[in-house]
Structure formats: C-alpha cells, structure tokens
Amino acid sequence: MDPSHHKLSFTVADYAIFAVLLGASLAIGLYHALSGGRQRTTQEFLLADRNMGCLPVSLSLIASFQSAVAIIGIPAEIYTHGTQYWFIGCGYILGLLVPAHVFIPVLYRLKLSSAYEYLELRFSKTVRICGTLTFIFQTVVYMGLCIYLPAFALNAVTGFKLWGTVLVTGLVCTLYTTLGGLKAVIWTDVAVIAVGVYQTGGPSEVWRKVWEGGRISGLDLNPDPTERHTFWTLALGGVFLMWSLYGVNQSQVQRYLSSRTEREAIRSCYMVFPSLQLALALSCVMGLIMFARYCGEDHSDRLASNKMVIYFVMDMLQGLPGLPGLFVACLFSAALSTISSAFNSLATVTMEDLIKPQFPSMSERRATLLSKALAAFYGLLCLAMAYVTHLMGDSVLQVALKIFGMVGGPILGLFCLGMFFPWANSIGALAGLAGGLSLSFWVGIGSIVTRTSGPRTLVSDCRSGLSLTNATISSVTTVALRPSGLQRFYSLSYMWYSGFTCFCVVVIGLTVSFITGAFRKQDVAPGTVFPLLGKLLFFLPEHIKQKLCCVTPMVS
C-alpha cells in the first residue's frame, strides 16, 4: 500500500453517524445547561448539589482522564517507542490509593466548593489566589491541546479547513456540559484491534513482528532520571503525576466534593483503577498492532504529525460503513467530557476564589448566571490556545504530560506542604510555589529549546529484526546523545517533572518557613493537616510528637 496514493475519508454513513452522535451530545448538554432545572444555584450548577453517587462520579473521573490525548497519544507512543510506557500502569496503584485515603478525607470534611479554599484555610488568601491563577493557566493551556486534537482528526478525514474545525470544536465544547463517550471509545478500540489482528495475519503474526521489530520492552531498571522512559520514571514518576491529577486537581476534586458521602467519594476513586488499566491496555495493544500492520511501509509523514492513529483506524474500518464516523465521534465525546469538566472547574475556582470574596452579597441567581458566562468565556479563551498547539514538536501525549508536570507538580507541592508539614507558613508556601514554578519552566523551556527531553527518532523500514538479508535498514531507531553540563539538567525525563517540582516546593517552602518563623500548632486551622508525620513517627512518645507539632487531629 502506497500511503501517498491511499487517501481515506468519510463516507455518507460516517457523516450521518458522526452528526447524529455529536448532535445528541450537544442537545443533552444544552438541555441540562440552559433548561434551568437543577441548576438554579451555584451548588447545583458547580457541585450537583453534593448529591452524586459513587458510580456517576467514578465514570466522570474516568471520562475526564481518558481524553482524546490518551486515545491518540498512547497508541502513537507504543508504535514509535515500544511497550515501555505500559509500566505507567504500576503508578496507578499508589496514584489512586493516596488520594483516596489522604486528599479526599481532608478536602471533603472541610466542606469546600473549591480545592483552593483549602489554601486560604491553611495559609492565607494570597496563597489561595496564587494557587487558583496557577490552575487556571495550566487548564487553559491543556484545553487548547484537547480542542485541537479532535479538530485535527475531523480535518484529516473530511478535508475541512483545519481552523474551521478548531472553531466548530471549540464552540461545541463550550456549550457541552454532560458526560459521554467512554463506552463507545472502548468498543471502537476493540473493533479496530480485531480487524487489525485479522488483516495482519493473526495473533501469532502480530507477536512475531512486534517481537522481532523490537517493540516489546523489557524491565528497564536504569535509575538515570534523564532516560526518557524506564520503570522508575514511569512507575514512580507516574505516582506523582497521578497525585497531581487525582489528588489536588480541581477538575477531579470537584467530583469528589459532589459525592453524597465521603465513603462514596473514596469508592469512586477505587472504581477508577480497573477502567484506567483497561483503557491503557487497549491503547497499548492498538499501538502494537499498528506497528505489525504497517511493518515495512513508510509512514514517517504521518508519524511526525500525530496522524498515525487516525490513519490506522480509518484504514482498518474503511470496509465497515459508519464505524470511522463512530471513532471520530468518540474522539469528540472524550474531548467534550474532558473539556466541559475543565470549563466547569475553571468557572468554579474563578467564582469561589476570585469573585465571591470580592462580592460576598451577590445574589444566588446572579452568581449562577455569572458561572455559566465564565464557562463560556473560558471556552472561547481555550480556542486561542488551540492555535499554537500545532507548533509544538513533541508528541501530543508528551506535550500533555509536560503541561501537567510543569504546572501541576508545583500545585501538588503546595498542597503537600500544607497537608503534611504543620510548620509551613504562608510566606514559605508562596516562596515554594514561586521557586517550583521557576524551576519547572526553566527545565521545561530548556528542554524545548535544546530538544533533549526525549530521543530523536529516525523512521525508516520497521523490518530490521525480521530479516538480516533485507537490504532495507528498518525499525524506528533511536539516536542517543549523552548530554552534559546544563544540557543534562534540561534532559530530565518529563515523567519526573511532577515529582521534581513537588519536592522543590516542599524543600523551599519548609526552608523559608523556618527562616521566617514556623507555624505552631495553634496557628494551624483545624482539619487542614493530615497527621502523616504522627503516623510515621509512631514509635516516639506522645509528648515528643506534641512538641514536634506532629499530632494534628482531622475534622471528623
């Protein structure tokens, strides 16, 4: 198959299914957003009146994580670099256990509307505002990526102008305020995998090609933090990434706070684990089948521009009318569930952290209308960020995780500083956040400028391992250049960004706190500190732990 002469595009059935599913999603969203029912107050609009069960909350948590970035980015990662990324699933265990038993109990019992209310209770209003502005920046940048991807997919299969599809996607996402898409995504993945295995020659042929093509990665225990992917960067670095996503990110915290009880909030966190593992496994298997299917063909043009997964799905499903349309509709649904929840979270933190404190007497009706207007405003603002996404040279998955690490890591560090270290004061918190953000942007921008954050890939024939007599040099080979000096600092794996910046915030925050006058037990608001140190230092006598300020009871 010559890709240059093999153009895949929507059929009439695909257009029809895509239009029906997207129209239904939009109609549901408009009904819930504009009907006025169950959204008469900010509590109902932003937190579902704190009356959600664990099942809808867990589905919402999964849907927001399983975005278009994961659907397209993970198979492309496996296709290009092999199965090493699969080890990030090991980080899901601690990455969900700690939020369930540490972050959720503290935040839920304080009866907050915004995660950043915690920062004012624990430190000061200034720290709260800084945390809120950091979250807004992170989310707006990430949402630009989430809007761009489905628009890019629609452009690839329809030929519509790219910026026209970006505009349509952004406007639909701005109006859409309900969940959807996860079940369809899973079943479409299964269909693509089944057809791909059949066309490749069966499971044994797929295994032979990916094994001999070097796509089955072993357990790499190299402790070097500059290696792009090893077991440690993915399993341990992934833990900090999950904490920043499922522990303190407003999009997820808002879902916990909407639960009926704390127990249901914790159960919803547990229920996320098997679904995330299933979605990760399907995406990784799709990447392997994609490699086996196109072994020996030159698709470097598509690989370089993140087109490979879209091309593969269209190629596999072209004989099944309507399924390509279903897949693109799934991309839109996954993007919509992520983006709409982000718009809602942005509206929440803006209202609760920036506007309400300045206008405490604002009527409930006006506050609700303003919340909806803010969601629309942020939708349009994210459109602007979509325009710069295509300029980034890394894969969409790496760009997304870099954003979470560079900005989410310092936010995680700020919450860890407050929850685990009773001595930390507001000056230390501000210094820690400023230092963490400065270091993260230094490393992140330095890696972009020097292009050393990951290996450079040379794409040619993928059959080098299949036949030594083949004249074509094959496989996606990696040119490893050992950096030195400051360039080595810029080479830190993007999977360590969250852990590195979190650690920096805590160290800087504690140092400045002790210099400027550490908090004493009576200075700390009740219920804002998790007694982690008291549990770790269980062997010390109680009076010593009291002097060390390690025993701080939580709100019951």
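**Overview of the predicted model.** Of the 556 residues in the protein, 57% are buried (under 20% relative accessible area, with exposed meaning over 50% and partly exposed in between, for a 1.4 Å probe and protein chains only). This is a predicted model, in which local features need pLDDT of at least 70 and side-chain atom pairs count only at pLDDT 80 or more, while totals for chains, interfaces and linings use all residues. Residues are numbered from 1 along each chain as its sequence is written, and side-chain values use heavy atoms, with hydrogens and water left out. The protein has 23 helices and two strands, taken as DSSP runs (H or I of at least four residues for helices, E of at least two for strands) numbered from the N terminus.

**Close-up of the largest nonpolar core.** A nonpolar core is a set of buried Ala, Val, Leu, Ile, Met, Phe, Trp, Tyr and Cys residues joined through side-chain atoms within 4.5 Å. The largest one has 133 residues, of which Tyr85, Tyr118, Tyr142 and Phe415 touch the most other members. Helix α18 (residues 396–420) gives the most to this core, with 17 residues. When neighbours within four places in sequence are left aside, Phe415 is in contact with Leu107, Ala115, Tyr116, Tyr118, Leu119 and Val248, contact meaning heavy atoms within 4.5 Å.

**Close-up of the salt bridge between Arg109 and Glu262.** The closest N and O atoms of Arg109 and Glu262 are 2.8 Å apart, where a salt bridge requires a side-chain nitrogen of Lys or Arg within 4 Å of a carboxyl oxygen of Asp or Glu. The pair links distant parts of the chain, with Arg109 in helix α5 and Glu262 in helix α13 (residues 262–293), 153 residues apart. Arg109 is partly exposed at a relative accessible area of 29%, whereas Glu262 is buried at 18%.

**Close-up of the salt bridge between Asp353 and Arg128.** In this salt bridge the closest N and O atoms are 2.5 Å apart. The two residues come from distant parts of the chain, Asp353 from helix α16 (residues 323–355) and Arg128 from helix α7 (residues 125–158), 225 residues apart. Both Asp353 and Arg128 are buried.

The side chains of Arg208 and Glu205 meet in a salt bridge of 2.8 Å, N to O. Both residues lie in helix α10 (residues 203–212), three residues apart, which is about one turn of the helix. Arg208 is partly exposed, with a relative accessible area of 33%, and Glu205 is also partly exposed, at 22%.
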